[in-house]
Amino acid sequence: MSIRSAAGIFDEAQDSACSPRISLDSYAGFAGLPPLVGLHTMAEAATAGLTVSGSVARLKRVHWSLKRLHQIFVSRITSEPIYELKMAFSLHAYYCSEHVGEFASRVREMRQPPYGLEVSPHSALDLFFDEIMAAPDTPALLLGLYEYAVPELIRALENLIADTNKLFDHPTYRICRLTLVEMQDLRQYGANAVRCLVSQDAHLELRDWGTTLERMLAAAGGLDGKQDPTEDVVPRQFSAVPYKYDPVPKRDDRFTDPYNMGVNAEALLFDDSIPPFPKTIMLYFKRMREIDVPEMMASILAEMNGKSWEYYRDMTRQLWDEARHAMMGELGFISMGIDWSTIPFNFTWSLGLNTMLTAKERHAVLFTIEQGLMPKKTGKQHEWEIAVASANPLAAMIQDYDWADEILHAKIGRDWIVSEIGSQAEATAYGDQAWSKILVDWKKWKEDGLTEHRNWWPDIYRAACQNHGVHPDPELLAYNITYEKARADLKEDVS
Ligand SMILES: [Fe+2]
Ligand SMILES: [Fe+2]
């Protein structure tokens, strides 16, 4: 049998004048394989699809919406008190940032410039996102994000997948499908968040605002512009006063004593006479204390204008990594049976940087600190070695990935802040200079009654020993080195 005869159709068509006609409906591939690699039947491929300009118009709507969503998630991390939501917004911002880049690339493949990616596709769409950005509290923000914006974005992706031709416009189909997977994760998490945090009363109170959001979407023809725009002029509600980024970090009630600098973590970690077990507790503390890094990086992203999207994408990736580090610390504490809410997690670093430095200075401070984490003996490798020596596989795993992430962060710093300032030495000096502007006044905070710098270490160490079935070392119970004379994270004397 020839290859052709295996396919059947061609031989028959050639051999017999009475053979069935090839048609879109009856055509099959070799040995019955699906034609067009299974993307469409022939009949579908011949009829389905949007034109290039039709597809580009939809892509630009999705691109713009992801960009606005990213902006909202990032801008609300610092001032959102609930820790879990700070973490969720970090992840959701990260997903959006990756997909913004993909949709922008696809638009650029389809048309000559100008691409119009910096221009809003419809003013009512911006009204819609402005309203959510300006939501006055957590319940309104959650409803706006997860009951309106994200489901509408999912609808837009599903519409585009259904409407576009998977053969002609396959790259569009593909990015929509991959984006959809992550947006469905957002919707699922968001539905849970709404269930946990938005009361029936809040739902009722926000009902009119929900109608306002729907009218704004309708005025834009839906998020994707598939409907005819009503062009309804909808007055602003929450965004009547323009949104302003709030740089002051807020924390929920589980976080107390935020000025406390009573326990110097680095001094314990660098003390060779101290065994690994107590050091793992301190590593978990250091990881969870990283909650302040997303709080600070969010301020850079919210206030740094005019960079290419790759900058925002890379910085959002790092922001998400830092959120993961905080959660790794949380996991570590839970694995030890420790209630982390009894530990004070200082917020003065994010507070100081966000309120006293420019976005560029903040980024340079971050870079300077991360450079300090590179040396083998005092940096991330050292922390990993401590964790490995503790024979605690979880601690080792946490530090293994923390170290790997830090290498990437150093590269992100080199790619963006070093190239902006000049050389690595200049960037580090600039960061050091900026950091010295921040007043870390250990004594004054105490005098002003902001904190007692309570030594929380003995209680936590004792609890960890008890859960671990070992006796606490009296010398370690007496550990009492504070940050009075040291600068947290930089490990240098500033006195
Ligand atoms: Fe980190
Ligand atoms: Fe980092």
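**Entry 1: ground rules**

I call a residue buried under 20% relative accessible area, exposed over 50% and partly exposed in between, with a 1.4 Å probe and protein chains only. This is a predicted model, so I noted that local features need pLDDT of at least 70 and side-chain atom pairs count only at pLDDT 80 or more, while totals for chains, interfaces and linings use all residues. Residues are numbered from 1 along each chain as its sequence is written, chains are lettered from A and ligands numbered from 1 in the order in which they are written, and side-chain values use heavy atoms, with hydrogens and water left out.

I looked up V37 and found it exposed, because its relative accessibility is 76%. V37 has a positive phi of about 40 degrees, although it is not a glycine. V37 lies in the loop between α2 and α3. For helices I use DSSP runs of H or I with at least four residues, and for strands runs of E with at least two, numbered from the N terminus.

L36 also went into my notes, with a positive phi of about 55 degrees although it is not a glycine. I found L36 in the loop between α2 (9–15) and α3 (42–47). L36 is partly exposed, at a relative accessible area of 23%.

I also checked for a cis peptide bond: one joins P113 and P114, with omega at about 5 degrees. P114 sits in the loop between α5 and α6 (123–133).

I started with the iron ion (ligand 1), which is coordinated by E290 (OE), E322 (OE) and H325 (ND1) at 2.0 to 2.2 Å. Along the chain, the donors of this iron ion (ligand 1) follow the spacing E-x31-E-x2-H. E290, in the loop between α12 (276–288) and α13, and H325, in helix α14, link distant parts of the chain, 35 residues apart. E290 counts as buried because its relative accessibility is 10%, and H325 counts as buried at 0%.

Next came the iron ion (ligand 2), coordinated by E322 (OE), E370 (OE), E406 (OE), E406 (OE) and H409 (ND1) at 2.1 to 2.7 Å. I wrote down its donor spacing as E-x47-E-x35-E-x2-H. E406 and H409 both lie in helix α18 (residues 393–421), three residues apart, which is about one turn of the helix. Both E406 and H409 are buried.

Which residue coordinates both iron ions? It is E322, and the two iron ions are 3.5 Å apart.

**Entry 2: aromatic rings**

My ring rule: rings of Phe, Tyr and Trp (its six-membered ring) pair if their centres lie within 6.5 Å; planes under 30 degrees apart are stacked, over 60 edge-to-face and the rest tilted. The structure holds 23 aromatic pairs.

In one of them, the rings of F73 and F89 have centres 5.7 Å apart and planes at 45 degrees, so I logged the pair as tilted. F73 in helix α4 and F89 in helix α5 are 16 residues apart, and the pair links distant parts of the chain. F73 counts as buried at 0% relative accessibility, and F89 counts as buried at 0% as well.

I then took Y259 and F347, whose ring centres are 5.3 Å apart with planes at 80 degrees, so this pair is edge-to-face. Y259 lies in the loop between α10 (207–219) and α11 (265–269) and F347 in the loop between α14 and α15 (348–356), so the pair ties together parts that are 88 residues apart in sequence. Y259 and F347 are both buried.

One aromatic cluster has members including Y83, F255, W340, W456 and Y479.

I also found K307 over the face of Y311, 5.3 Å from the ring centre. For that I need NZ of Lys or CZ of Arg within 6 Å of the ring centre and within 35 degrees of the ring normal.

**Entry 3: the largest pocket**

A pocket here is an open set of points on a 1 Å grid over the protein atoms alone, where a 1.4 Å probe fits, with protein on both sides within 12 Å along at least five of seven lines; lining residues have an atom within 4 Å of a point.

The largest pocket is lined by 30 residues, and K67, H70, Q71, W309 and Y312 lie nearest its centre. The elements giving two or more residues to this lining are α4 (52–75), α5 (83–110), α13 (292–303) and α14 (309–335). Which element gives the most? I found α4, with eight residues.

Terms used. Donors are N, O and S atoms within 2.8 Å of the metal (3.2 Å for Na, K and Ca); water is not among the atoms, so sites may look incomplete.
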